[in-house]
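Below are some numbered remarks on the model you sent, arranged by topic so that they can be read alongside the coordinates.

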Amino acid sequence: MSGLVNVLVIGAVIAVVVFRQCSAQQITDDRRWWVLPGILLVLSLREPGLVDPHHAALSAAVLGAEMVVGLVTGAGWAWTTRLWREADSSLWSKGTKATAFVLVGGLALRAALYGAAALMGIHQGTAALLAALAVTLAARGGALMWRAGQMRPAHGGSMRGDFMRGDSTHGGSAYGGSVHGESPYGGSGDGATSRSAWKDRV
């Protein structure tokens, strides 16, 4: 694949990612989140120049650092993304200001590594950029799906997801009010029912 095609592929992926971050996206049970990172990784491995043969050790070290930056950026991207559950129990995500800072910081670190490699005389092609992007998207997708799995509603409700996004009430105060028409400390229900309701709330 030519360098121009690589640049177009990378530009298209980045454009799609930025667009999706600017709008709310529903998270489904689709397990194919790894497909795009996998394709990018395969493309990077098929391209020559992933490691500069004239500076093999230094080039490999820089590539490893870029993979670490991609991994941290992807994980930070996922952890700063806002997740919430709607009344119909559908799960949604949207990037935040913190997400933008993470992405900008990751790009800055990547540019710094590229500059350092150039100063050392290491040639880096688009293969390294494709590999780093693949690692970033894989880390983001995996961490986001893990977070989504932690927000499955208990007993078909949406309380747990709402609580994890910082809401203080779920039809009542998080430390007071009522659950199923009963007081969390007793009331008309027995102790087992109250404890079960309290567990559902947290």
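1. The second pocket. In this predicted model, the second largest pocket has a volume of about 430 Å³. Its lining is made up of 19 residues, and those nearest the centre are Ile14, Leu103, Leu107, Leu133 and Thr136. At least two lining residues come from each of helix 1, helix 3 (56-79), helix 4 (97-119) and helix 5. By residue class, the lining of the second largest pocket divides into 13 nonpolar, 4 polar and 2 charged residues.

2. Leu107. One of the residues nearest the centre of that pocket, Leu107, belongs to helix 4. Is Leu107 buried or exposed? With a relative accessibility of 61%, Leu107 counts as exposed, because the cut-off for that class is over 50%. The C-alpha atom of Leu107 is separated by 9.1 Å from that of Val69, although the two residues are 38 apart along the chain.

3. The largest pocket. The largest pocket has a volume of about 600 Å³. Of the 25 residues that line this pocket, Arg20, Trp33, Arg140, Gly141 and Leu144 are the closest to its centre. The elements that give two or more residues to this lining are helix 1 (3-21), strand 1, helix 2, strand 3 (91-94) and helix 5 (126-150). The lining of the largest pocket comprises 11 nonpolar, 9 polar and 5 charged residues, and anyone setting up a calculation on the model may wish to keep this division beside the one given for the second largest pocket, which is 13 nonpolar, 4 polar and 2 charged.

4. The C-alpha atoms of Thr28 and Ala148 are separated by 9.1 Å, while the two residues are 120 apart along the chain.

5. The salt bridge. How many salt bridges does a search of the whole structure find? The search finds 1 salt bridge. In general, side chains of opposite charge can pair when their charged atoms come close. Here the side chains of Arg110 and Glu66 meet in a salt bridge, with a distance of 3.1 Å from N to O. Since Arg110 lies in helix 4 and Glu66 in helix 3, the pair ties together parts that are 44 residues apart in sequence. Arg110 counts as buried because its relative accessibility is 12%, and Glu66 is likewise buried, with a relative accessible area of 1%; the cut-off for this class is under 20%.

6. A backbone angle to check. Ser89 has a phi near 75°, which is a positive value in a residue other than glycine. Ser89 is found in the loop between strand 2 (82-85) and strand 3, and counts as partly exposed because its relative accessibility is 23%.

7. Pro48 is found in the loop between helix 2 and helix 3. With a relative accessible area of 68%, Pro48 is exposed. The C-alpha atoms of Pro48 and Gly125 are separated by 8.0 Å, and these residues are 77 apart along the chain.

8. The overall layout. For orientation, the secondary structure of the protein comes to 7 helices and 3 strands, and read along the sequence these follow the pattern α-β-α-α-β-β-α-α-α-α.

Key: Residues are numbered from 1 along each chain as its sequence is written. This is a predicted model: local features need pLDDT of at least 70, side-chain atom pairs count only at pLDDT 80 or more; totals for chains, interfaces and linings use all residues. Side-chain values use heavy atoms; hydrogens and water are left out. On a 1 Å grid over the protein atoms alone, a cavity is a set of points where a 1.4 Å probe fits but cannot get out, and a pocket is an open set with protein on both sides within 12 Å along at least five of seven lines; lining residues have an atom within 4 Å of a point. Grid points are joined across faces, edges and corners, and a volume is the space filled by probe spheres set on the points. Helices (H or I, at least four residues) and strands (E, at least two) are DSSP runs, numbered from the N terminus. Ala, Val, Leu, Ile, Met, Phe, Trp, Tyr, Cys and Pro count as nonpolar, Asp, Glu, Lys and Arg as charged, and the others, Gly among them, as polar. Buried means under 20% relative accessible area, exposed over 50%, partly exposed in between (1.4 Å probe, protein chains only). A salt bridge is a side-chain nitrogen of Lys or Arg within 4 Å of a carboxyl oxygen of Asp or Glu.
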